Structures are given as C-alpha cells and as structure tokens.
Amino acid sequence: MVEKKGLFDRFMKWLDDRLGIYGHTLRPAPRYAYSIDYWLGGLVLSAFIFEVLTGAMIAIYYTPSDPYTSTTYLISKVPYGALLFSLHSWGAYVMIFLMLVHMTRNFLVGAYRPPREIMWIVGSILAGLTLTEAYLGYSLPYNLISWVATTTGLNLFSYMPFNLGYLISLATVVNPNQPGIMSGVDPLVQRFFVFHWIVGGLIMLFIGLHLYIFEKHGITPPISEVRPGDPELIDEYQDKIRSNPRWEIQPLIRSIGMVVMIFLLTFGLIFFIASIIPFNITISGGTPKYIMPPFNPVEAAQTPPVPDWYFLFIYFFYKSVSPTNASLIFLGWVIITVLFPFIEEYIFRHKAPHPALRPAAIAIGTGFIISFIVNSVWAGLTPGRDIGPIGVEVDGAIFLICFAVIWPLLRYVAQPRVLARMQSSPLTDGGVIVEDKRRLVLNGLTVLGIDLGILAGLIYSLYEVYVLSSNPIVNQFLIGQFLGFSLVLFSISVFINVVMGSGKS
C-alpha cells in the first residue's frame with residue numbers, strides 16, 4: 001500500500017527533483033523527537049537571528065567615534081530606540097543562556113559520541129565565538145562599568161601561554177597617532193565595532209556547518225533504547241522506524257511547524273523580558289534614560305572590574321591565583337571541553353550514551369557544571385577582591401566529591417538496573433514491538449476553543465499596540481509587552497494546529 005502524502009510534502013518532493021532539498025537539507029524527524037529538549041539548538045539559532053536583526057538596526061544609529069553619546073541618543077531620542085537597545089541586550093543574555101542549556105543537555109545524553117565528535121567540536125567553537133561576540137558587544141556602549149571590565153579582561157588575557165596573548169595584542173593594540181582617531185574616546189572602540197560584525201559572520205558560517213553535520217547524522221536515538229555497542233545513528237534503526245510507533249517518521253510540515261513555533265516563542269519571550277525589565281534604562285519624566293555613567297579614566301581607576309555574568313567563572317580564576325596560572329587553568333577548561341568526545345572514547349571507553357553507562361563522563365561533567373555556578377556566584381559577590389588559592393582548592397574539592405559520589409552511584413547502583421531494563425524492553429510479541437500508544441489528543445471543539453481564545457488575545461494585543469503607538473517614546477515598553485505576548489500566543493497556535501495537528505496517528 002502506497003502512503004498518500006500531504007500537499008506540502010508533495011510540493012517539497014517536486015522542489016527536491018529540481019533543487020535537491022527534500023530529505024537532504026531538511027530531514028523529517030521521528031515522532032519521539034517532538035519534545036522541546038530535542039529543539040534547544042533551534043532556540044539558540046532563533047536567538048542568534050534575533051540578535052542579527054536588532055543589531056543591524058542599532059548599527060544605523062551607532063557611531064564608534066562617539067559611542068556613549070550615540071547610545072544615549074538611541075535610547076532617549078529615537079522612536080522605539082530604548083526598546084531596541086533592551087531587546088538586543090536581553091537577546092544576547094537569552095542566547096548565551098540557551099547555548100549553555102543546549103550544550104549541557106547534549107553532554108548529558110552523549111550527543112557528542114561517535115560519529116558526532118566533529119559536530120561537538122564545531123559547537124564548542126560556536127560557544128567560544130558567542131562569548132567573544134558578547135564580550136565585544138558589552139564594550140560598545142562605552143560606559144564606565146563595561147569599558148573597565150573590557151580593558152581589564154584584555155590585560156588578563158595578555159598572560160595567555162603559547163604566545164596567544166601576543167596574538168590578542170596584535171588585534172587590540174591601536175596606535176593613538178593613527179589617522180582618523182578622535183581624542184577623548186579609546187580608539188579600540190572602532191576596532192571592536194568591526195570585530196563585532198566579523199565574529200557575527202563567523203558564527204553564521206559555523207552555524208551552517210553545524211546544521212549540515214546535524215542533518216547528515218539525523219536526530220539522536222532515545223538514550224534508553226541504545227544498548228552498549230549499538231549504533232547511535234537513527235539511519236541504523238530502520239526496523240524500529242518501520243515497526244515502532246515512537247520512531248515513525250513524521251510529515252515534514254510538522255518539523256516546519258516546530259521551527260516556526262520555536263522562532264515565535266523565542267522572539268516573544270525576548271520581547272516580553274526586555275519590555276518588563278528595560279536593560280539599564282529608567283523612565284524619567286516620560287523619557288527613557290540610560291542609567292550607566294560614561295567612561296572616564298579618573299573614575300575608572302576607582303571602579304572595580306566586574307565582567308558580565310557569563311565571564312565571571314573566568315574572572316574567578318584570576319582572583320584566585322596568578323594571571324599566568326589562571327590562564328593555564330582557563331585554557332585547560334577549553335581544551336578538555338573541545339576534546340571531550342575523544343577523552344570519553346579513548347580514556348573512559350564508555351559503550352553507550354545513557355548517563356548511567358557513562359559514570360566517569362557524568363561525574364566530571366557534573367563537576368564542571370557545579371564549579372561553573374560556584375565560581376560565577378563567588379566572583380560576583382567579591383568584586384575587586386582577591387579570593388586567594390582557596391578558590392581553586394574549592395574547585396578541586398568539587399571535582400573530587402563529584403567523582404567520589406556520582407561515579408560509584410552510577411556504576412554500581414544505576415547501571416545494573418538500566419542494563420536489566422534494556423534487556424527486557426521493548427516488550428516483543430512474535431517479533432512485533434508492543435508499545436503503549438497513548439497520546440495526547442485534543443478533540444476538534446477543544447482546539448477550536450483554544451484558537452478562539454488565542455485569536456481574542458491577539459486582537460486585544462494588537463489593538464493596544466495601535467492605541468499606544470500614538471506616543472512611541474513613552475509607550476514603547478508597553479508596546480513591547482503586548483507584541484511579546486502576541487508572539488507567544490501565535491507560537492502556541494502554531495504548535496497546536498501544525499505540530500500536534502499534522503502528526504501521523
């Protein structure tokens with residue numbers, strides 16, 4: 001019996017005959033993959049695209065030769081400028097947070113294991129580029145706090161071994177007599193503005209490579225169904241794809257709907273956060289004002305350097321030991337993170353992706369996560385103060401405790417149970433997989449009621465936006481709240497009507 005395809009799938013097949021897209025660049029996903037944890041990378045991608053769009057609009061008004069004044073002008077004088085600044089700033093935070101969650105999830109489920117080692121390395125490079133992009137962007141408003149942290153960071157990175165500090169200085173030391181340099185503003189701002197766009201282009205390039213590798217390998221199989229020694233590519237499980245309802249390949253329109261839902265949800269949440277909590281902006285006399293003071297050398301000498309939250313864990317090392325040793329520790333973190341797939345494969349020799357079957361990797365990874373949080377909080381609570389060697393000693397204790405507690409628990413308690421469960425499931429009956437087929441099914445009236453409620457919310461939000469738009473300078477954050485609310489509602493509608501409504505039954 002030939003399966004009848006939907007209109008969208010037939011169109012994509014027609015397009016594939018001419019362009020080679022369907023089933024190559026865009027792969028349909030199995031039913032089990034329609035869970036938010038499988039789409040965390042899409043959340044990061046959507047946040048990056050949001051940053052590109054808002055950054056391009058900010059660049060229209062940004063002047064590197066007078067960065068602080070152009071920033072305050074954007075916030076105070078340009079219609080929707082304060083909202084735009086807040087959106088771009090909060091969008092960077094959201095992207096970094098989602099990136100950390102995405103990498104943590106992929107580590108826990110072993111998504112870096114063979115043959116995905118290169119994809120993990122590319123993802124680690126993307127993480128480094130993202131932090132570099134955030135570092136550059138943090139400095140561009142040229143306020144007192146950001147520029148003190150920026151210049152202090154440059155000084156600390158000059159201690160990097162293997163001449164890395166020298167390479168950094170080549171890109172960041174500017175001759176003050178260079179033609180076109182204006183007095184009163186550090187000439188490095190101009191260079192950082194250019195680097196901000198160059199690094200953004202590199203991120204886009206590596207995202208393309210990351211997506212290409214992902215589409216080549218396909219979605220990862222459920223870790224609970226990969227026994228030791230089993231392949232970890234979905235294409236190797238054709239029997240399950242044919243017979244197991246959880247593995248059934250879904251129409252491509254369902255994946256498209258999931259992508260659209262994720263983009264709308266990410267954009268909506270950033271709009272809502274940035275409007276509820278304006279980024280370093282206060283409303284005074286009906287006019288938004290930038291609350292951060294401008295940079296000047298006199299006050300900078302009395303201001304302790306405090307990097308943004310995503311760099312506090314690095315700052316922690318420099319507060320604990322000498323800059324040279326701190327640079328070595330940081331470089332060690334980077335090397336272990338990038339090469340961890342090979343550490344697991346050739347040193348730990350774990351045979352399956354389930355966390356219980358990777359006790360050494362999970363123990364060390366947990367140590368990394370806990371020390372990252374502890375270091376960040378500790379560094380944030382002690383601005384401008386040295387911690388002393390107790391800092392790295394606590395880190396060492398964290399890793400020892402994690403390994404001493406987690407490794408035996410996973411190896412001798414959890415692992416035998418997981419292996420026993422794998423041997424006894426999935427239940428079979430005459431070679432046919434038997435599985436619980438219960439699904440969340442919404443009847444037509446329920447869907448109609450939800451859609452009508454969403455439509456009413458959208459109409460109300462858009463009406464409020466129309467009313468408030470008569471005074472955009474004063475009402476821009478209220479407008480942003482309603483726009484964010486509308487985007488979130490729209491994402492829910494897409495999820496219900498496209499993602500859930502187009503699945504194979």
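Let's start with Asn163. Asn163 is exposed, because its relative accessible area is 57%, and the cut-off for exposed is over 50%. Keep in mind that this is a predicted model. Asn163 sits in the loop between α6, residues 144-157, and α7, residues 164-172. Its backbone is worth a look. Asn163 has a positive phi of about 65°, and yet Asn163 is not a glycine.

Next, Tyr80. Here too phi is positive, at about 65°, and Tyr80 is not a glycine either. You'll find Tyr80 in the loop between α3, residues 67-77, and α4.

One more backbone point. Go to Pro114 and Pro115. The peptide bond from Pro114 to Pro115 is cis. Omega there is near 5°. Pro115 belongs to the loop between α4 and α5, and α5 covers 117-139.

Now the aromatic rings. How many aromatic pairs does a search of the whole structure find? The count is 39. I'll show two.

Pair one is Phe50 with Phe267. The geometry is edge-to-face. The centres are 5.0 Å apart, and the planes make an angle of 75°. Phe50 lies in helix α2, residues 40-59, and Phe267 lies in helix α10, residues 252-276, so this pair ties together parts that are 217 residues apart in sequence. Phe50 and Phe267 are both buried.

Pair two is Tyr93 with Phe279. This pair is edge-to-face as well. Centre to centre, we have 5.4 Å, with 75° between the planes. Where do the partners sit? Tyr93 is in helix α4, residues 81-108, and Phe279 is in the loop between α10 and β1, with β1 at 281-284. So the pair ties together parts that are 186 residues apart in sequence. Tyr93 counts as buried, because its relative accessibility is 15%. Phe279 counts as buried too, at 15% relative accessibility. The cut-off for buried is under 20%.

Last topic: charges over rings. Look at Arg105 and Tyr38. The charged end of Arg105 sits over the ring of Tyr38. The distance to the ring centre is 4.7 Å. Then turn to Arg254 and Tyr34. Arg254 lies over the face of Tyr34, 4.3 Å from the ring centre.

To recap the ring pairs: Phe50 goes with Phe267, and Tyr93 goes with Phe279. For the arginines, Arg105 is over Tyr38, and Arg254 is over Tyr34. That's my tour. Thanks.

Methods
Residues numbered from 1 in each chain as written. Predicted model: local features only at pLDDT ≥ 70, side-chain atom pairs only at ≥ 80, totals over all residues. Heavy atoms only, no water. Phe/Tyr/Trp six-rings, centres within 6.5 Å; stacked < 30°, edge-to-face > 60°. Helix = DSSP H or I, 4+ residues; strand = E, 2+ residues; numbered from the N terminus. Buried < 20%, exposed > 50% of the residue type's maximum accessible area, 1.4 Å probe, protein only. Lys NZ or Arg CZ within 6 Å of the ring centre and 35° of its normal.
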